[in-house]
Amino acid sequence: MSKLTEVIHTKKVKLIEGNNPLIEPIYRSVKYTFSSVKHSISDSAKEFGFEYSRDKNPTTYQLEQVCASLQEREIGVATSSGMAAIWCVLLANLSAGDRVVFFLESYAPTRKLIRDKLSKLGITCSMVSVYDESAIADELAKDDTKLIIYESITNPMLCIPNHAWIVQQANKNNVITLLDNTFLGLHNHCDLKVDYIIHSLTKFANGHGDAMGGMVLGSKQSMKSIRDYATSLGATPDPEASYLILRGLKTYFMRYQKQCDSAFKIARYFEGHSNIAKVFYPGLNSAKNYKLLPKNVDGYGAMITFEIDCNEEKLWQFIDNLKLFSTAASLGSVDSLVAPIKLFFGKDLNQDELVTSGIKHGSVRFAVGLEDPEDLLEDIEQALRLLD
Amino acid sequence: MRFSTKQVHAGQEPEPITGSLNTPIFQTTSFVQDSVDQYMNKGFSYSRSSNPTVEVLEKKLSILEGGNGATCFATGMAATQAVFNSLLKQGDHAIVSQVVYGGTYRIAKEIFEKFGVTFSFVDTSNISLIEKHIQDNTRLIFTESPANPTLKVSDIALISELCSKNDIYHIVDSTFMTPYLMQPIDLGADIVIHSTTKFFDGHNATTGGAAICKDNTLDQKVKFIRNTSGSIMSPFNAYLTLQGVKTLSLRLDRQCANAEVLADYLENHKYIERVGYPGLKSFSGHNLLKSQARGFGSMLWFEVRGGLEEGKQFADNTEICTLAENLGSVETLITHPAVMTHAYIPRELRLEMGVTDSLIRLSVGIEDIDDLLDDIGTTLKNIYE
């Protein structure tokens, strides 16, 4: 072989039997070969083989398997972001003429995707409040309703939906259920009988704010067309991102627990605080629908939403005063983050919608990180004092 | 700021151009200068000398250890090499813990002795013994504590005092403790050495080392050696290590708790002859370490009943505990020091150190403790029953 060819067809490194890397390699290869054309079309190749990284990649496949196991679902398909996961499920299940039910209180990009983009494809959307049960029941009962999408805890106002009831109503009406479970992590709500669970892996799964990813999880039946759609849409994660998420998952449980504990501590502190007009945290007895949270929920999440009785300018001042909370979207990472709710998540809402969803000038969202909670409380206290 | 806050924030600022919260990976060899006259006024010229990503990790490590400068290296051994090189010259003498990582022993015996440096390998848990070995030309004492793999504990404060009285440097390899559990500089040491491959990374993803100095003059000496010897940490490894450090205390809390349960379990197990874990009251360095550290670490050793054969059988047959030469990571790892990490040390000396043929070293990870207990219990049962 000429040296020119050799640098392209470098000799494979063969590991001897029983000698394996502890950490799986990152499979950067875009293409995978088969020993023969016949082999490439065999049943085993179709089921277990790898061909092209947009369809399936070994590093990403490892991530899909561990997420499916965590959420106790048969199949997981990874996507390049949480939004790509939602988009994939919507496109795979909807056709022109269908109706989608979603909540006013949901994550702004999800709301925008459904309101602005789906209508262009001839899909009707019904936006209702998560607390308006009669409206939910009415919309679900409509003949053209095909799918309902909801969040385990809504972002950013942390409303608790009536999970069991929504699923029951949807099932009764043969409506496909899509649960965005990002806020309660990859180990909660395993027993909910929803057709799809999606996650933004960018959040708790990665946990270090350095990779984006999403995941669709479901049964063999419900996931049938999902990989095809994901492949066609091309929103597949890069193997490097899959690796970083797999690496992050190793400390997932410890991070999630610590972040929940710290968030609960801060929420309790806010409850008795004279500068805080209102605090929303799913673990507090005072939270609306607190009793409706499934009893086996492990940890109430790392998000706290609260309200300072002030105008927007004053709120921004409070946010700027904080030293340990960075002003940024995202959540579930080692660093604590703060977001002014109206500015970040309320731009597409009119006055009535803002009132219904409870968003005020002084509404603010914390994503609690891994810092010492005492340091976070001291930081919050000094930032509040500067407002006086 | 408390430790867990510092491990997330210390040394790191959002990147000024884009606001990127995470430190970017500056994967560049060269840094463009504005003009000849303004050479180096942004602080960087060539990545062998310094690199912004690596520098952020160095700042963080320095703050966590309470030092005045840190230098990162390609591996822990490169850090040890650089510290030796910056402080020792021909004709000098150094005292090194008798129980010490095999690589440290090897670099002293096979490289530095060739250039006319002499070493005494001394039981550093015995202060009067150290005193006896101090000579006019003794330049440094290198203490590894708790030592690898016997976990022998040395008195960092007392040795530091002895060093300053005799005007010699005290170097501490604190890899087994990390600054979360112990801060040698606070106890009087001059330089702390780490293999960042271990607890700092914690995910078995990189190799790296660091030397953190008490004062800036020493730090400059170490940096000079790194620049000339070239054993630098890559920006990518620095980035991964930086991310790993952010969960350090979380991982260690769990690892220490798991190790404590396992040590208790093994101490009372009928097929186990001896167990060494500094957290056990029966362990000889227990009280000393308790007074100088916040916790007892995640390393333990034991001897199974029988000898070499049973030891090997145990190491080969566990399922969750993996046979691999590393420590401090999230996975529980087993090593057989006599055959693996300490094979370079002559058998007689090795036995004198307490590293017997049947000694098994366990680096306890963050798995569910019940899974670890099941794994070890089942393996022992299968060997003996």
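**Interfaces of chain B in the predicted model**

Chain B and chain A together bury about 2400 Å², and carbon and sulfur atoms account for 60% of this area. Three residues, B:R2, B:H203 and B:L250, supply 24% of the area that chain B buries against chain A, more than any other three residues. The structure is a predicted model. In this model, 27 residues of chain B are in contact with 26 residues of chain A.

Four salt bridges are found between chain B and chain A; B:D201 forms a salt bridge with A:R247, with the closest N and O atoms 3.7 Å apart. Helix 1 (3-9), helix 9 (235-245) and helix 10 (248-267) of chain B each give two or more residues to the side that touches chain A. The largest share, five residues, comes from helix 9 of chain B. By class, this side of chain B comprises eleven nonpolar, ten polar and six charged residues.

Within chain B, the domain assignment gives domain 1 (3-245) and domain 2 (248-384). The C-alpha centres of these domains of chain B lie 26 Å apart, and their contact takes 39 residues from domain 1 and 45 residues from domain 2. The area buried between the two domains of chain B is about 3500 Å², with 64% from carbon and sulfur atoms. Zero salt bridges are found across this domain interface, whereas 19 residue pairs are in polar contact there. On the side of domain 1 of chain B that touches domain 2, helix 4 of chain B gives the most, with four residues.

Conventions. Residues numbered from 1 in each chain as written. Chains lettered and ligands numbered in written order. Predicted model: local features only at pLDDT ≥ 70, side-chain atom pairs only at ≥ 80, totals over all residues. Heavy atoms only, no water. Contact = heavy atoms within 4.5 Å. Buried area = accessible area lost by both parts, 1.4 Å probe. Salt bridge = Lys/Arg side-chain N within 4 Å of Asp/Glu carboxyl O. Nonpolar A, V, L, I, M, F, W, Y, C, P; charged D, E, K, R; others polar. Domains from an automatic or database assignment. Polar contact = N/O pair within 3.5 Å; in protein donor to acceptor, adjacent residues only side chain to side chain.
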